[in-house]
Amino acid sequence: MPIKYNLTKYDMLSTKVKKVSTKKEGFSKEDSNTMIKAILIASFASGHSWQTYKLLTNGGGMLNQPDVKKEYAEAKTSKWKLITPFDIVEVSKTNLSDSAFSQWLFFNVDKGEHEDYVQAWAELKAQFEEACDDIERTE
């Protein structure tokens, strides 16, 4: 009897990130987009970026602090490879406002990368709002 698995959209994104993280070179545009999504998750999830998470969820904090910059740098270099479906769920439930995202982006991400990050964040937000039943496993 075959084994059944219940995969969520968060499991699928996490699996996609794991596949991209094992590549040494030859990133496609889609791979780069997946990596940026993972960087965003690692930057906003409490398990990877506690100071950033506190400032985003408690509000009123300035996101140009050295701790936030350090957590983003760590997310960009290595922590993006370690995200889990639980991190993705947490970020999806954080309800990060557009103004908080813009402030974080302005203070922490190089200006040349802003467009890619804005696009990836918009895709993530759309995915967070999408019903699980609308996803079909194509692999």
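The model is a predicted one.

**Entry 1: helices H1 and H5**

I looked up how helix H1 (residues 9–21) and helix H5 (residues 85–93) lie to each other. Their axes come within 8 Å and cross at roughly 120°. That makes H1 oblique to H5. I noted the crossing of H1 and H5 as right-handed.

Next I listed the residues that meet. On the H1 side they are Tyr10, Asp11, Leu13 and Ser14, and on the H5 side Pro85, Ile88, Val89 and Ser92. I sorted the residues of this contact into five nonpolar, two polar and one charged.

**Entry 2: aromatic pairs**

I then turned to the rings. The count came to 11 aromatic pairs. I looked at Phe44 and Trp104, which form an edge-to-face pair with 4.8 Å centre to centre and 70° between the planes. Phe44 belongs to helix H2 (residues 29–44) and Trp104 to helix H6 (residues 98–108), so the pair ties together parts that are 60 residues apart in sequence.

Trp121 and Phe128 are both buried.

**Entry 3: the ring cluster**

Which residues do ring pairs link into a cluster? I wrote down Phe44, Tyr72, Phe101, Trp104, Tyr117, Trp121 and Phe128.

Terms used:
Residues numbered from 1 in each chain as written. Predicted model: local features only at pLDDT ≥ 70, side-chain atom pairs only at ≥ 80, totals over all residues. Heavy atoms only, no water. Axes fitted to C-alpha atoms, helices over the stretch in contact; angles between N-to-C directions. Helix = DSSP H or I, 4+ residues; strand = E, 2+ residues; numbered from the N terminus. Parallel < 35°, antiparallel > 145°, perpendicular 65-115°, else oblique. Left-handed = near helix turned anticlockwise from the far one by under 90°. Contact = heavy atoms within 4.5 Å. Nonpolar A, V, L, I, M, F, W, Y, C, P; charged D, E, K, R; others polar. Phe/Tyr/Trp six-rings, centres within 6.5 Å; stacked < 30°, edge-to-face > 60°. Buried < 20%, exposed > 50% of the residue type's maximum accessible area, 1.4 Å probe, protein only.
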